[in-house]
Amino acid sequence: MTPSPSSSSSSSSPGLLSSPDRPLPAVRLRVPTDEDAHAWHRAFDDPDVMEFLGGPAELSAYEELTARQRMHDARLGVCLWTLLDEEDTVLGFTGAQPWPAEKEWGPVGEIEIGWRLGRSAWGKGYAYAAALATLERVREAGVPHVVAMINDENARSIAVAERLGMTLAERFLLPGGTRHGRRYELTLGQD
């Protein structure tokens, strides 16, 4: 089952997404800029935000990541977009990208959706609103199927994936052999 937002976000103007539970915040997505590398670095320079991702990273990691996302957008029409609130404050990112072929594990060849928000944006509905906007854009780009790779202990991201209607396809041992991960899947219907 594919969720249907009542309206969508666009890169040119914020759109309000709503849910039967409560109204969701307005979000806007844009292809990341060079300046967004600095904003992502500030938003994610927090051990709690990076708990399941190996800890805070250097600015250079975000400079490389934003450049790679611009390439994905140009080639595929999807990327990890910068997530903005209605005041154009950078909250983090959301989007989709190919699973890296150079990784020795995971769903190589699949398009993975994901979201990462700075701590100040937690608990306000931004992750779900952003994930809905991501699914809409991915569907528009003609992607038929997505996965989400989530650490087994990351209850917040698991809740978002399940609320999106994603199905748990696999639970597996993560590299290093001490923690487990989950692979969620969702087939996207074309509008």
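Student: How many helices and strands does the secondary structure of the chain come to?

Tutor: Helices (H or I, at least four residues) and strands (E, at least two) are DSSP runs, numbered from the N terminus, and here the chain comes to 4 helices and 8 strands, which from the N terminus on follow the order β-β-α-α-β-β-β-α-β-α-β-β. This is a predicted model, in which local features need pLDDT of at least 70 and side-chain atom pairs count only at pLDDT 80 or more, while totals for chains, interfaces and linings use all residues. Residues are numbered from 1 along each chain as its sequence is written, and side-chain values use heavy atoms, with hydrogens and water left out.

Student: What share of the residues in the chain is buried?

Tutor: Buried means under 20% relative accessible area, exposed over 50%, and partly exposed in between, with a 1.4 Å probe and protein chains only; in this chain of 191 residues, 47% are buried.

Student: How should I read a helix such as α3, and is α3 mostly covered or uncovered?

Tutor: The expected span of a helix is 1.5 Å times one less than its number of residues. Helix α3 (residues 126-140), with 15 residues, reaches 21 Å from its first C-alpha to its last, close to the 21 Å expected. It is mostly covered, since 14 of the 15 residues of α3 are buried, and it is followed by Gly142, whose phi is positive, near 85 degrees.

Student: Which residues touch the most other members of the largest nonpolar core?

Tutor: In soluble globular proteins, nonpolar side chains tend to be buried together. A nonpolar core is a set of buried Ala, Val, Leu, Ile, Met, Phe, Trp, Tyr and Cys residues joined through side-chain atoms within 4.5 Å. The largest one here has 36 residues, of which Ile113, Trp115, Val146, Leu164 and Met166 touch the most other members. Elements that give two or more residues to this core include β5 (111-117), β6 (145-151) and α4 (155-163), and the largest share, 10 residues, comes from α3. Apart from it lies another core, of 10 residues, among them Ala37, Met50, Tyr62 and Phe93.

Student: Which residues does Ile113 touch?

Tutor: Contact means heavy atoms within 4.5 Å; not counting residues up to four places away in sequence, Ile113 touches Gly95, Ala96, Thr134, Leu135, Val146, Val147, Ala148, Leu164 and Met166.

Student: Where does Asp88 lie, and what is its phi?

Tutor: Asp88 lies in the loop between β3 (80-84) and β4 (90-98), and has a positive phi of about 65 degrees although it is not a glycine. Asp88 counts as partly exposed because its relative accessibility is 44%.
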